[in-house]
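Work through the exercises below with the sequence and the model open beside you. Try each task before reading its solution.

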Amino acid sequence: MKRLSYPFSPEAVRELKVGDMVLITGKLFTGRDAVHKYLHEGNKSPVNLKNQIIYHCGPVTMKDKKTGKWTVTAAGPTTSIREEPYQWEVIRDHGIVGVIGKGGMGQKTLDACKEHGCVYLHAVGGAAQVLAEKIKSVDGLFLEEFGLPEAIWELTVEDFPVVVTMDAHGNSLHKEVENSSREIFKTVL
Amino acid sequence: MTKKVAAKRPVKKVLTKKAASKKLDPKAQTIESLLELIRITSTVIPDDVAKTLMKARTQEEQNTTASYAMNIIKDNMDLAKFKSQPLCQDTGTVIFFVYHPPGFFQSAFKDLIKKAVTKATQKGFLRQNSVHSITGENAGTNLGEGHPSIHFYEHSKKEVSVKLVLKGGGCENVSAQYSLPDTTLGAGRDLEGVRKVVIDAVYKAQGKGCGPGALGVCIGGDRADSAYYAKKQLLRKLDDKNEHKDLAKMESEIVETCNKLGIGPMGFGGKTTLISCKMTHANRVPASFFVSISYMCWAFRRQGVVLDKNHKISKWLY
């Protein structure tokens, strides 16, 4: 088990390799379809994403009526491939060093990871409770107008479990599994 | 059996407390029972699926990313049940199947379902998950055109039964419909062709549907019915047996073959790619031959209740 701790950097993520099981401690920003489209259209990010990790996640959130404080009650990853048209650009223009999601991403993202020093970290899809438990505080809410699941949530996490499935050296577990399963698929057709 | 199932659900305090303290009027009782159905569906994996997943967990090699994923899946099942919070943050399309006696007022029951869905959303058992397809607006209630999805069936029994499936977007997105013949796959208009396209759908899904997955398949029908009947197969218990001999055989063969693909949990590579495949058929017109595949993620949220004459829950169905 490896560890990745805040502050993050391109150098630190270049140490990670495909297949590494990693525990992340520090800050994460959620961002999914609406946020990626918004950044792609050239809008300014409401938070500085330089050397940060973006988490493809639309959490279930509850606001305490008395204190106005937010808690995240379920927070698993959403499917990342929908951000494939935008992700490379967000990596390049905003300097993010990690993308957490599920299902993996394509060649454009893989190339951007290699060029700029970024990794794709796979969280277990559907494991919303295990992952929400690792969230220690909700520190900010941006772009609330997109709806709560689509907004940017600034979170502090401790020992957040992920697997590196695309590293900063051009390797992708998704590509490997797809290739090997294709060979088997041909034999069973 | 009923007692045993009920005893396994320790997190019912909200309902029992309220029921004990005051007698609810009939409408409030129906809403309360539907709310409880939504809560259990969102937070507890049905016994048949849990059993299958735990068996799959022991089959993955230790210290692999596949076994790591299966362990997290187990922890998540335990935690969601204990905390009474959603297994997955994508609480999905909310799909009700209502079985009722003749003379039942569907529209009144529909209103009560909508109230229960709104309440479940306020309580966080459902995410604010329904978006207007033209304006992009999220009303935050899970109500809107076509939401929730409600299907009524008349049956000859006196009681009302309600089944509920919460189907997340990730697995819905990898669900598929094929039109046979499919020349790229060499899939003809026969059962062998059906087998090929179903395996192709699982191959194409890779890890994107949050596997290990479960399939509902319909052979035939028009495009709309075919997709619906495929989804309805997800109501079958995983350990049941198809009455149609050929389909029963094909169901187990497809699971076996797909598990040879090595896609594994989350697409990390591994032994379990599929935990089940359930198939049905519907007549088609001579010109069409559709095969529809509904892919369900490991967080297979499906539950059902029988309501007594006062609409209190008298039995859990899964």
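## Exercise 1: a residue in a loop

B:Ala187 sits in the loop that runs between strand 4 (176-179) and helix 8 (191-205) of chain B. The model is a predicted one.

Task. Decide whether B:Ala187 is buried or exposed, and list what it touches.

Solution. 
1. Count the C-beta neighbours of B:Ala187 inside 10 Å: there are 24.
2. The cut-off for a buried residue is 20 or more. B:Ala187 therefore counts as buried.
3. Leave aside neighbours within four places in sequence; B:Ala187 is then in contact with B:Leu180, B:Pro181, B:Asp182, B:Gly193, B:Lys196 and B:Val197.
4. For a distance, take B:Ser156, 31 residues from B:Ala187 along the chain: their C-alpha atoms are separated by 41 Å.

## Exercise 2: where the chains meet

Task. State how many residues of each chain are in contact with the other chain, and which element of chain A gives the most.

Solution. 
1. The contact joins 40 residues of chain A to 43 residues of chain B.
2. On the side of chain A that touches chain B, at least two residues each come from strand 4 (60-63), strand 5 (70-74), helix 5 (128-133), strand 9 and helix 6 (173-188).
3. Helix 6 of chain A gives the most, with nine residues.
4. Sorted by class, this side of chain A has 21 nonpolar, 16 polar and three charged residues.

## Exercise 3: one face of a helix

Task. Identify the buried residues of helix 2 (residues 33-40) of chain A, and explain why they line one face.

Solution. 
1. The buried residues in helix 2 of chain A are A:Val35, A:His36 and A:Leu39.
2. Looking down the axis of helix 2 of chain A, the buried residues fall within an arc of 95°, so they line one face of the helix.
3. The general rule is that an α-helix has 3.6 residues a turn, so residues three or four places apart point the same way.
4. Among the elements that cover these buried residues are helix 3 and strand 9 of chain A.
5. After helix 2 of chain A comes A:Gly42, with a positive phi near 90°.

## Exercise 4: two packed helices

Task. Describe how helix 3 (residues 84-94) and helix 4 (residues 107-116) of chain A pack.

Solution. 
1. The two helices pack at an angle of about 10°, and their axes are 8 Å apart.
2. Angles under 35 degrees count as roughly parallel. Helix 3 of chain A is therefore roughly parallel to helix 4 of chain A.
3. The residues of this contact divide into four nonpolar, three polar and four charged.

## Exercise 5: cis peptide bonds

Task. Which residues does a cis peptide bond join?

Solution. 
1. One such bond joins B:His147 and B:Pro148, with omega about -5°.
2. Another joins B:Gly211 and B:Pro212, with omega about 5°.
3. B:Pro212 lies in the loop between helix 8 and strand 5 (213-220) of chain B.

How values were computed. Residues numbered from 1 in each chain as written. Chains lettered and ligands numbered in written order. Predicted model: local features only at pLDDT ≥ 70, side-chain atom pairs only at ≥ 80, totals over all residues. Axes fitted to C-alpha atoms, helices over the stretch in contact; angles between N-to-C directions. Helix = DSSP H or I, 4+ residues; strand = E, 2+ residues; numbered from the N terminus. Parallel < 35°, antiparallel > 145°, perpendicular 65-115°, else oblique. Nonpolar A, V, L, I, M, F, W, Y, C, P; charged D, E, K, R; others polar. Buried ≥ 20, exposed ≤ 12 C-beta atoms within 10 Å, placed from the backbone. Arc of directions from axis to C-beta. Contact = placed C-beta atoms within 7 Å.
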